[in-house]
Amino acid sequence: EWEAFVDAATRMPSVLEKVCTIILEIHVSRTLQMNTTADLRRMAAFWDLYVVKMGFRFWYLHANPGAAWDRTVHPILAQLGLDPSICCYEIGLHRETAECAAQEAVIPSAPAEFNGTASQGSSAERMHAERGRGVFVILAQNGNHSSYGRDSVALLRRTLRYFYHYYNKRERDDVRICHSGDFDAQTQEAVAAGRREIRFLHLKGDNWKVYPEWLALSNRSAWRSTASDGY
């Protein structure tokens, strides 16, 4: 997460101009790529770019202890006050700027790729969903998780159940579930369960590249992580 967010803020800061809220999980364990001085510098760069310069502030923090073998927090971070037995944190960042205070979501009509069995309905229903104040995007897979073997569809259903229970029954924001073609029409309809805000997007063509060309042609054996593409 550190590399991705620092890269976006340094190479393409324009994509963040209208971003008001960021929710992510961060890792501070030596076994989860927080092991070297370079890793610490990336974390510091994230703080400098997003908190100091762009004005994001914490509005949510939840500790995720993680697996026992991952509870090895970098000693410098432990000295600075982090709990040495907590590998990860889910954090919410928000900034109160004039742009964010006045922001109103303007969501155009969905492209043809969004149309599927689960996203059909009257034009009035589709118009209602597309005028939500925000959109939540979920990258999903149908089957067992490629790294952990967990039932991904069951987890997706649980995510949506809690999301609607605690938030979206009231807000009715759009939900876009992105996949690589493994959700057929029947499964889409079952997962959506009549919730008209939910639509599926098959990632293909210009919408889907696992790696940019410069990375796809690199020497994979020299990469820092040996995790699968699914992870």
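I started with β5 (residues 174-179), which pairs with β6 in the parallel sense over 5 bridges. Two strands count as paired if DSSP finds at least two bridges between them. Strands (E, at least two residues) and helices (H or I, at least four) are DSSP runs, numbered from the N terminus. I also noted that Ile-177 faces Phe-200 in β6.

Housekeeping: this is a predicted model, where local features need pLDDT of at least 70, side-chain atom pairs count only at pLDDT 80 or more, and totals for chains, interfaces and linings use all residues. Residues are numbered from 1 along each chain as its sequence is written, and side-chain values use heavy atoms, with hydrogens and water left out.

Next I looked up the whole sheet: it is open, with 3 parallel strands in the order β4-β5-β6. Its edges are β4 (135-139) and β6 (198-202), each pairing on one side only.

Then I checked the helices. I found α6 (residues 152-171) lying across β4, β5 and β6, at about 165° to β5. Such angles run from 0 to 180 degrees between N-to-C directions, with axes fitted to C-alpha atoms, for helices over the stretch in contact. Contact means heavy atoms within 4.5 Å.

Which residues have the most contacts inside the largest nonpolar core? I got Tyr-50 and Leu-77, in a core of 23 residues. Such a core is a set of buried (under 20% relative accessible area, 1.4 Å probe, protein chains only) Ala, Val, Leu, Ile, Met, Phe, Trp, Tyr and Cys residues joined through side-chain atoms within 4.5 Å. I saw that α2 gives the most to this core, with 5 residues.

Methods. Buried means under 20% relative accessible area, exposed over 50%, partly exposed in between (1.4 Å probe, protein chains only).
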